[in-house]
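Here is a short briefing on one protein model. Have the sequence and the 3D view open as you read.

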Amino acid sequence: MTTQQQIANDALFIKEVDSFTGLCFTTRATLPQLSRYYKAVAEDLYTEAARLSLDINGPIQWIYTDVNGDPTNEFQLEIVLPIRQSGAEPRGFTYRTFEPFRCLSYTHTGDWSELMGIYDALFPALYGMGYQNDGRVREIYAVIDFEKPTNNVTEIQIHLV
């Protein structure tokens, strides 16, 4: 069960995210399946980037396409490590260039278990501002702290159409 969070309007920003290239893991998943990817995929992306001598250009991102909050809905999940440019052929991953992304941005500091409640507040705020979403959402993990999850810093970006 989640509780809806309160989000101040001055904590919401409309911004344009530049295009970028990433080393990517792509799968189909449902919300209850996400925990199987939390730590291992990120570690594998960093290991592969080091093996290929890639220049990392930002924190790990989770990019959701066609996610809608329904735990039975299957959607596309991409776990992406931004890099300056692609290199030799990766093992188990692909390279992808992501187009510019106009979004509503909100930064959450705290445990990831609070994110469902955050989303329950963000979407009504987005619609209340007159915007629409096309099913694309990004989470940028600026600070990851498995020892003390209250230190996590996650930027949520909801694509605007």
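Contact means heavy atoms within 4.5 Å. By that rule, Ile7 touches Leu12, Tyr106, Ile118, Ala121 and Leu122, not counting residues up to four places away in sequence. This is a predicted model: local features need pLDDT of at least 70, side-chain atom pairs count only at pLDDT 80 or more, and totals for chains, interfaces and linings use all residues. Residues are numbered from 1 along each chain as its sequence is written, and side-chain values use heavy atoms, with hydrogens and water left out.

**Confidence**

- pLDDT is the predictor's confidence in each residue, from 0 to 100.
- The protein averages a pLDDT of 93, and 97% of the residues score at least 70.
- Helices (H or I, at least four residues) and strands (E, at least two) are DSSP runs, numbered from the N terminus.
- Among these elements, strand 4 has the highest mean pLDDT, 98. Helix 2 has the lowest, 92.

**The sheet**

- Two strands pair if DSSP finds at least two bridges between them.
- Eight strands form an open sheet in the order 1-6-8-7-3-4-2-5, with antiparallel pairing.
- Strand 1 (13-17) and strand 5 (94-98) are the edge strands, and each pairs on one side only.
- From one strand to the next, the twist averages 35 degrees. Axes are lines fitted to C-alpha atoms, for helices over the stretch in contact, and angles run from 0 to 180 degrees between N-to-C directions.
- Strands of a sheet pair through backbone hydrogen bonds, either parallel or antiparallel.

**Strand pairs**

- Strand 2 pairs with strand 4 over 9 bridges, in the antiparallel sense. Gly22 stands opposite Pro82 in strand 4.
- Strand 2 also pairs with strand 5, antiparallel, over 5 bridges. Here the partner of Leu23 is Tyr95 in strand 5.
- Strand 3 and strand 4 are antiparallel and share 5 bridges. Thr65 stands opposite Gln76 in strand 4.
- Strand 3 is joined to strand 7 by 5 bridges, again antiparallel. Tyr64 has Val137 in strand 7 as its bridge partner.
- Strand 7 and strand 8 run antiparallel, with 6 bridges between them. Arg138 has Gln157 in strand 8 as its bridge partner.

**Burial**

- Buried means under 20% relative accessible area, exposed over 50%, and partly exposed in between (1.4 Å probe, protein chains only).
- Strand 2 is mostly covered: 8 of its 10 residues are buried.
- Ile7 sits in the segment before strand 1. Ile7 counts as buried because its relative accessibility is 17%.
- Ile7 and His108 are 101 residues apart in sequence, yet 9.9 Å apart in space, C-alpha to C-alpha.

**Helix 2**

- Helix 2 packs on the sheet and touches strand 6, strand 7 and strand 8. Its direction makes about 35 degrees with that of strand 8.
- The expected span of a helix is 1.5 Å times one less than its number of residues. At 1.5 Å a residue, the 14 residues of helix 2 should span 20 Å, which agrees with end C-alpha atoms 20 Å apart.
- Leu115, Gly117, Ile118, Tyr119, Ala121, Leu122, Ala125 and Leu126 are buried in helix 2. Their cover includes strand 6, strand 7 and strand 8.
- Gly117 lies in this helix and counts as buried because its relative accessibility is 1%.
- Gly117 and Phe146 are 29 residues apart in sequence and 20 Å apart in space, C-alpha to C-alpha.
- Just after helix 2, Gly130 takes a positive phi of about 90 degrees.

**Nonpolar cores**

- A nonpolar core is a set of buried Ala, Val, Leu, Ile, Met, Phe, Trp, Tyr and Cys residues joined through side-chain atoms within 4.5 Å.
- The largest core has 38 residues. Trp62, Tyr64, Ile79 and Leu122 touch the most other members.
- Elements that give two or more residues to this core include helix 1 (40-51), helix 2 (115-128) and strand 3 (61-65). The largest share, 7 residues, comes from helix 2.
- Apart from this core lies another, of 5 residues, among them Phe20, Cys24, Ile63 and Val80.
- Trp62 touches residues including Leu34, Tyr37, Tyr38, Leu77, Ile79, Val137 and Tyr141, not counting residues up to four places away in sequence.
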